[in-house]
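Please open the model in your viewer and keep the sequence panel beside it. The tour below goes from one selection to the next and says what to look for at each stop.

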Amino acid sequence: MADTSKRGFASMDDDKQREIASKGGQAAHEKGTAHEFTSEEAREAGHKGGEAVSQDREHMAEIGREGGKSSHRGGQNEDNDDVDNADNEEKSTQGGTREQHSKAGRQSHKNK
């Protein structure tokens, strides 16, 4: 049987897939058959997507953790994550220290 692992759209690299998809979208617009979402349709689709994502509590928690890391970074490059940011997190007053976050987290669970 022939090896099919190098065949098809899904086996292409991301840039090649985007290039081909973009050409298809452009052709549909030129032909007049492309669907253009109204703001109401887009709002409804976003709402459905948000509902689906929010069902996964662990995923949402991970997003929150990543956001917290970013807010403490203070505009620094992500490449220096562990070394430089440990000091920044302790000195930052905008978001509080790790200890303050930990204490606030423990307290917030008392109300549930």
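**A tour by selection**

Begin by selecting glutamate 58, which is exposed, with a relative accessible area of 52%. In this predicted model, its partner is arginine 65, and the closest N and O atoms of the salt bridge between arginine 65 and glutamate 58 are 2.9 Å apart. Arginine 65, at a relative accessible area of 41%, is partly exposed.

Next, stay with helix 3 (residues 57-73) and select glutamate 66 and lysine 69, which are three residues apart and therefore separated by about one helical turn. Glutamate 66 and lysine 69 form a salt bridge of their own, with 3.4 Å between the closest N and O atoms. Glutamate 66 is partly exposed, at a relative accessible area of 37%, and lysine 69 is partly exposed as well, at 43%.

Now move to helix 2 (residues 39-54), where arginine 43 and glutamate 40 lie three residues apart, about one turn of the helix. Their side chains meet in a salt bridge, at 2.5 Å from N to O, and glutamate 40 counts as partly exposed because its relative accessibility is 47%. A search of the whole structure finds seven salt bridges.

Then select helix 1 (residues 14-31), whose 18 residues should span 26 Å at 1.5 Å a residue, in agreement with the 26 Å between its end C-alpha atoms. At the start of helix 1, look for a side-chain oxygen of aspartate 13, which reaches to within 3.3 Å of the backbone nitrogen of aspartate 15. After helix 1 comes glycine 32, with a positive phi near 90°.

Within helix 1, select glutamine 17. Is glutamine 17 buried or exposed? Its relative accessible area is 19%, so glutamine 17 is buried, and, leaving aside residues up to four places away in sequence, it touches Phe9, Ala10 and Met12.

Finally, show the whole chain and colour by pLDDT. The secondary structure comprises five helices and zero strands, and buried residues make up 7% of the 112 residues. The chain averages a pLDDT of 76, with 71% of the residues scoring at least 70. Confidence is highest in helix 1, at a mean of 91, and lowest in helix 4 (residues 81-91), at 48. Over residues 81-86, pLDDT stays under 50, and the model has six contacts beyond four places in sequence for these residues.

How values were computed:
Residues numbered from 1 in each chain as written. Predicted model: local features only at pLDDT ≥ 70, side-chain atom pairs only at ≥ 80, totals over all residues. Heavy atoms only, no water. Helix = DSSP H or I, 4+ residues; strand = E, 2+ residues; numbered from the N terminus. Expected span 1.5 Å × (residues − 1). Polar contact = N/O pair within 3.5 Å; in protein donor to acceptor, adjacent residues only side chain to side chain. Buried < 20%, exposed > 50% of the residue type's maximum accessible area, 1.4 Å probe, protein only. Contact = heavy atoms within 4.5 Å. pLDDT = per-residue confidence, 0-100. Salt bridge = Lys/Arg side-chain N within 4 Å of Asp/Glu carboxyl O.
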